[in-house]
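Here is a short briefing on a two-chain complex. Have the structure open while reading.

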Amino acid sequence: MSVLSCADVSKVFQDNGYEALNRVSVEIGEGEAVGIVGESGSGKSTVGNIIGGLEKPTGGTVFYHGTDISGLKGEALRSFRRSVQYIFQDPKGAMNPYFTLRRVLMEPLQINFPGIGKREMERRAAEIAMMVNLPPSILDAHPWEVSGGEAQRIAIARAILLEPEVIIADECVSALDLSIQAEVMNLLRRIRKDTSASFLFISHDLSLVRYFCDRVYVMRYGRIVECLDCSRMEEEAQSEYTKILLEDAYGEYQGNSHR
Amino acid sequence: MGKYIAKRLLASLAVMAIVSFMAFAALELIPGNAALIAAGTEGSSSSVASIAAELGLDRGFLDRVLLYYKGILSFDFGVSSYFGESVSTLIGQRLGVTFSLAFLSVMLAFFFSVILGSAAVLGRGKFLDAFSRSVVQIFSSIPSFWLSLLFLILFSSVLHIVNVGDYVPPSVSIRGYLSSIILPVAVLAIGETGPLLRLVRTSMIRARNEDWYRIGKVRGISRMRLVMAYALRYALPGPLTLAGSELAKLLGGTAIVESVFALPGLGRLFLTAVEMRDIPLVEGIVIFVSFLVVLMNLVTDLILFVSNPSMRKAGGIRL
């Protein structure tokens, strides 16, 4: 059974009547890395927001271990939120600017384990910083004082701190320059190997998705065009749109069937 | 921190020096002088000259400026020509009233704005937001003299709840004091609530739209914590700055409300001084009020400095 999935999810924005999603179904299996690729406005971020409970769908259902998340309350809701963590495109925007990075990392512990001591939280923060290749001394800085790559690694640290079942990464390297992108992608790969977490990796960049994921959903105009195995993309691709994306990512000369 | 305060104090001193010079120079430019007024309509030109000599008006401009600054530095603003009392004493007598009005009304407006503004933006219902955008704004747009009259009629003449007309210092009777200032404080607070509430509201909306606020809830942060540690901390510096400068503004001018409620405050004293060409008194009040404004701005900046890590780390606002 899938850890997290959504079935026939639709989203119409109330204020302008814009239909962002039309009957989208996505499944994330245990330990699986699932990608969503599509151009901006295709609805891929909305899927991420809905499946993690950030936004409510106007139709359809999101299931967490087979349970409809709209009915979750109390401890079950807290446990769901603990189990699904986000990494966003703008890491600095996702952190309280008044907090030091240490507090940013301590906060999830403080919220989820109220009995935990300050010493223990600080120790865990330093430990998790090391895990994402950051020196503990950086934790005295505020989010706006560090580079984009460092901030994104803190964001990743914060996401894995609670040992979640699913990590939703929404364009998490798009704002970084290429060399830093590679660093962060390698870090994510390592985390995938070291933990049992599933990933929902949302990106406009097909090559990144392919590098990281097992399966990919191709989205366009709020619908899922098709779902492909990442290792057999060229063979499986049916729609013209996917073929164009492949061509854009890997160049014309590599064609459809040989890579 | 110490360096920042020292820098700010120096800058404040410079502002004070410039303001006091401008006050002096502006009054110098007005035709006529104190000797003419003191001599009266019957005075001969020789008596005018002797009074001028007595007041030091026959000396050169620079001489008089230096004398003026010497006085300021020893808190001696001279003697009021109209009241015949020392300017510092006169200001001291009136300060309590004006300070009470300004401080209490800004405090009241600030707390009301923060509570209503936060609830309106972060709460679930839309009623509070509509209320804060319509009723409150309409009331705070009413000119203070008119609102004062309405209040007077309603609470004093119709309902007989409060007595108006006799200011009672808090040292005499706290009850009497509160009853004598509650209406003017309410009038001023309503006026101040409009802009403050608008600012709290927009700051809160900005906070609400920040990623770290929006995702706070899915990260499991409680609503209370989100409002206190996230939204308020982010949204308050703006309104706090405004409250500081409004307080400074009110300290310098609650003349209208003071007049309507017949309260012996600084504003009325200033009006009288200007009317009577009481130059030492005008100068004294201008300098004193500018001192208060500078002080308030300093206090506001220090609060912002302490509460904002980015300012703390950068060593404060660049001057």
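**Interface and overview**

In this predicted model, 19 residues of chain A are in contact with 13 residues of chain B. Two helices of chain A, H2 (74-83) and H3 (101-112), each supply at least two residues of the side that touches chain B. That side of chain A comprises 9 nonpolar, 6 polar and 4 charged residues.

**The six-stranded sheet of chain A**

- One open sheet of chain A has 6 strands in the order S6-S7-S8-S3-S9-S10, and its pairing is mixed.
- S6 (84-87) and S10 of chain A are the edge strands, and each pairs on one side only.
- Direction ignored, neighbouring strands of this sheet are turned by 20 degrees against each other on average.
- Helix H1 (residues 44-51) of chain A packs on the sheet. H1 of chain A touches S3 (33-37), S7, S8 (198-203) and S9 of chain A. The direction of H1 makes about 150 degrees with that of S8(A).
- S6(A) pairs with S7(A) (residues 166-170) in the parallel sense, over 4 bridges. Within this pair, Tyr86(A) stands opposite Ile168(A) of S7(A).
- S9(A) (residues 215-220) and S10(A) (residues 223-229) run antiparallel and are joined by 6 bridges. Here Met219(A) stands opposite Ile224(A) of S10(A).
- Which residue takes a positive phi in the hairpin of S9(A) and S10(A)? Tyr221(A) does, with phi near 50 degrees. This hairpin has 2 residues between the strands.

**The four-stranded sheet of chain A**

- A further open sheet of chain A has 4 strands in the order S2-S1-S4-S5, with antiparallel pairing.
- S2 and S5 (67-68) of chain A stand at the edges. Each has a single partner strand, so one side of each has no neighbour in the sheet.
- S1(A) (residues 4-12) and S2(A) (residues 19-28) pair in the antiparallel sense over 6 bridges. Ser5(A) stands opposite Glu27(A) of S2(A).
- The hairpin of S1(A) and S2(A) has 6 residues between the strands. In this hairpin, Gly17(A) takes a positive phi near 70 degrees.
- S1(A) is also joined to S4(A) (residues 59-64), by 5 bridges, and the two run antiparallel. Leu4(A) has Tyr64(A) of S4(A) as its bridge partner.

**Helix packing in chain A: H3 and H4**

- Two packed helices are described by the angle between their axes and the distance between the axes.
- The axes of H3(A) and H4(A) (residues 118-131) come within 9 Å and cross at roughly 120 degrees. H3(A) is therefore oblique to H4(A).
- The crossing of H3(A) past H4(A) is right-handed.
- On the H3(A) side, the contact is made by Arg102(A), Leu105(A), Met106(A), Leu109(A) and Gln110(A). On the H4(A) side, the contributors are Met121(A), Glu122(A), Arg124(A), Ala125(A), Ile128(A) and Ala129(A).
- The residues of this contact divide into 7 nonpolar, 1 polar and 3 charged.
- H3 of chain A also supplies at least two residues of the side that touches chain B.

**Chain B: overall**

- How many helices and strands does chain B have? Chain B has 16 helices and 0 strands.
- The C-alpha trace of chain B spans about 85 × 55 × 35 Å along its principal axes.
- Of the 319 residues in chain B, 32% are buried.
- Take the contacts in chain B between residues at least 6 apart in sequence: 72% of them join residues at least 24 apart.

**Helix packing in chain B: H9 and H12**

- H9(B) (residues 174-209) and H12(B) (residues 237-252) pack at an angle of about 160 degrees, with their axes 9 Å apart.
- H9(B) and H12(B) are therefore roughly antiparallel to each other. Their crossing is right-handed.
- H9(B) contributes Leu188(B), Glu192(B), Pro195(B), Leu196(B), Leu199(B), Val200(B) and Ser203(B). These meet Gly238(B), Pro239(B), Leu242(B), Ala243(B), Glu246(B) and Leu250(B) in H12(B).
- This contact of H9(B) with H12(B) divides into 9 nonpolar, 2 polar and 2 charged residues.

Note on methods: Residues numbered from 1 in each chain as written. Chains lettered and ligands numbered in written order. Predicted model: local features only at pLDDT ≥ 70, side-chain atom pairs only at ≥ 80, totals over all residues. Contact = placed C-beta atoms within 7 Å. Nonpolar A, V, L, I, M, F, W, Y, C, P; charged D, E, K, R; others polar. Pairing = 2+ DSSP bridges. Axes fitted to C-alpha atoms, helices over the stretch in contact; angles between N-to-C directions. Parallel < 35°, antiparallel > 145°, perpendicular 65-115°, else oblique. Left-handed = near helix turned anticlockwise from the far one by under 90°. Buried ≥ 20, exposed ≤ 12 C-beta atoms within 10 Å, placed from the backbone.
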